[in-house]
Amino acid sequence: MGILLSLLIACGRGEADKTQQKQIAIIVSTLNNPWFVFLAETAREEAESRGYVARIFDSQNNTSLESDHFENAVALGYDAILLNATDSDGSVANARKAIEAGIPVFCMDRELNNPNAATSQIVSDSYSGCVELGGLFVRSLGQKGKYVELLGLVGDNNTWNRSKGFHYVVDHFPEIKMVAQQSADFDRNKAMEVLESILQAHPDIDAVFCGNDAMAMGAYQALVAAGKDKKIQVFGFDGSEDAVSSIQSDGLAATVMQFPQKIAETAVAFSGEYFEGKTSFPQKTLVDVELVTPANVSIYSSYGKE
Amino acid sequence: MVKNDKNIPSKKRRALKYGLIGLIAVFLIYHSFDVVSLDSRKKGGDEEDVTQLADAYFLQSLPKVLADAPEPCTLLAALSQKDQDWASYGKQTNIGNRYYFLIRGEGNIQEIKDSYVRVAFGEGEQACSLRIATVYIFGNEIRDASGKLALADVGELTKFNAISEKLNKRVREEIIPEFLEKVQVGQKIQITGAFALNRRLGVTDDFEVMPVQLQIVD
């Protein structure tokens, strides 16, 4: 009888501990891109290792679906939301719902255009990364040549931060000409189709700059199919697994490594500080990115895993 | 019908009078206002703000920190030591491996290349040489190496990046051309500058120092 009573008490305590466990909702733009899968999974693992309950919600690049996730997270009483936004402007209203309900929102990687819509934003320093990549690009071309730029999603700040950083450097060199600039939505297949079409009009380009590695791989595939992969250099951004492998085997010319692990860990750490009573956070925390080239690729793992 | 002395009907005369007054009023009102879009207004304000912040930093804050910057060879020797704490010598802006450093020294021009000049510092075992950038001056080295200007002080990231652009432009356009016009191999120069290193890669051979001041001594 005594043993049974002890067991019942122990079970009851366990249940009580569980109800006190903080819950974190991880709302991610899409799980179709392995980079975001890694970001979300790392955040969940980090949250669970700190004793929190964490659940991933896939917005499928749809702001309405993201809105539903926010409503559910608020209704279900989540204690914090880690957001990888679908749209820098379109996601502001969604994040505000949570903030107004007293739930902190920590943005991961994709920033919101309204600083008051999030408790804090932890993002890669994409602009500076592309300034560095721009320097390498100019040197690789010998300050002379024609190129194509493939942009990411036009509603995402990362698209423009990367493009602006790159152009800040490259546009200083008048003998380097951009012959086409087109969006391929960060998508590999679309990038392949877009570049195939551009190559019809501009077969004599020297390089392609892509706003992410998925597009860089798509562009490279188009160049292989056209037999131009040895002549035209392709530059990406992210540090994805296939991009790192491609640099190792003389495919892509370079990429910029992001560190989703650091972004996710910082977002979870901020949530923990919030749970402990901290209310003031830096509006924006930047995470370094690093240039990966054939010369240093051997020391990097995909997604900057450490 | 009542007519005035010029045979113009009074109604027409009144209409003409009010019409003229109206035209003058429209003319005066139009030239009293300057209609600009909110976006351009904000851009103009930000531009002024960025210029002021960059000037204050370059002319006041940065020189004070540069006055105490280390001699290049001593700094490189310290950074090359295994397990050395780079935070004691440099600054970090972001979470990550990038550190920014300042230097101040006197050296001799060893070679002049298309995008840099190589300068030899020190003597004997303490000797070292560095590449001083003359073309690729675009990064955050000058802005971040002093630790006196932070994103939190500036507010917006676009403004923070624009400050770097202003500082770099100033060096590219005001310091480099004059220096390149006179520089020759063998000359002695005084230099202050900033550079960045990645902790993961350590002290590499090919990094370039972004100059802040370049003075040919002889």
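**Figure 1. Helices α3 and α4 of chain A pack side by side in this predicted model.** The axes of α3(A) (residues 63-75) and α4(A) (residues 92-100) come within 9 Å. They cross at roughly 5°. Angles under 35 degrees count as roughly parallel, and α3(A) and α4(A) are therefore roughly parallel to each other. From α3(A), the contact draws on Thr63(A), Glu66(A), Ser67(A), Phe70(A), Glu71(A) and Val74(A). From α4(A), Asn94(A), Ala95(A), Lys97(A) and Ala98(A) take part.

**Figure 2. A salt bridge joins Glu71(A) and Lys97(A).** The side chains of these residues meet at 3.3 Å, N to O. Glu71(A) belongs to helix α3 of chain A and Lys97(A) to helix α4 of chain A, so the pair ties together parts that are 26 residues apart in sequence. Both residues are also listed in the contact between α3(A) and α4(A). Over all chains, the structure holds 22 salt bridges.

**Figure 3. Chain A contains an open sheet of six strands.** The strand order is β2-β1-β3-β4-β5-β11 (chain A), and the pairing is parallel. At the edges stand β2 (53-58) and β11 (284-287) of chain A. Each edge strand pairs on one side only. Neighbouring strands of the sheet are turned by 20° against each other on average, direction ignored.

**Figure 4. A closed barrel of five strands forms in chain B.** The strands run β1-β2-β3-β5-β4 (chain B), with mixed pairing. From one strand to the next, the twist averages 50°. Helix α6 (residues 157-182) of chain B lies across β1 (98-112), β2 (116-121), β3, β4 and β5 of chain B. The helix runs at about 60° to β5(B).

**Figure 5. Strand β5 of chain B pairs with both β3 and β4 of chain B.** With β3 (residues 128-133) of chain B, β5 (residues 208-216) of chain B pairs in the parallel sense, over two bridges. Here Arg131(B) stands opposite Glu208(B). Ile132(B) stands opposite Val209(B). With β4 (residues 188-198) of chain B, the sense is antiparallel, and six bridges are found. In that pairing, Gly193(B) has Pro211(B) in β5(B) as its bridge partner.

**Figure 6. Chains A and B meet at an interface with three salt bridges.** On the chain A side, 28 residues are in contact with 24 residues of chain B. The chains bury about 2,300 Å² between them. Of this area, 50% is on carbon and sulfur atoms.

**Figure 7. Glu208(B) reaches Arg139(A) in a salt bridge.** The closest N and O atoms of Glu208(B) and Arg139(A) are 3.6 Å apart. Side chains of opposite charge can pair when their charged atoms come close. Within chain B, Glu208(B) lies in β5(B) and stands opposite Arg131(B).

Note on methods. Residues are numbered from 1 along each chain as its sequence is written. Chains are lettered from A and ligands numbered from 1 in the order in which they are written. This is a predicted model: local features need pLDDT of at least 70, side-chain atom pairs count only at pLDDT 80 or more; totals for chains, interfaces and linings use all residues. Side-chain values use heavy atoms; hydrogens and water are left out. Two strands pair if DSSP finds at least two bridges between them. Helices (H or I, at least four residues) and strands (E, at least two) are DSSP runs, numbered from the N terminus. Axes are lines fitted to C-alpha atoms, for helices over the stretch in contact, and angles run from 0 to 180 degrees between N-to-C directions. Angles under 35 degrees count as roughly parallel, over 145 as roughly antiparallel, 65 to 115 as roughly perpendicular and the rest as oblique. Contact means heavy atoms within 4.5 Å. Buried area is the accessible area (1.4 Å probe) that two parts lose on being put together, summed over both. A salt bridge is a side-chain nitrogen of Lys or Arg within 4 Å of a carboxyl oxygen of Asp or Glu.
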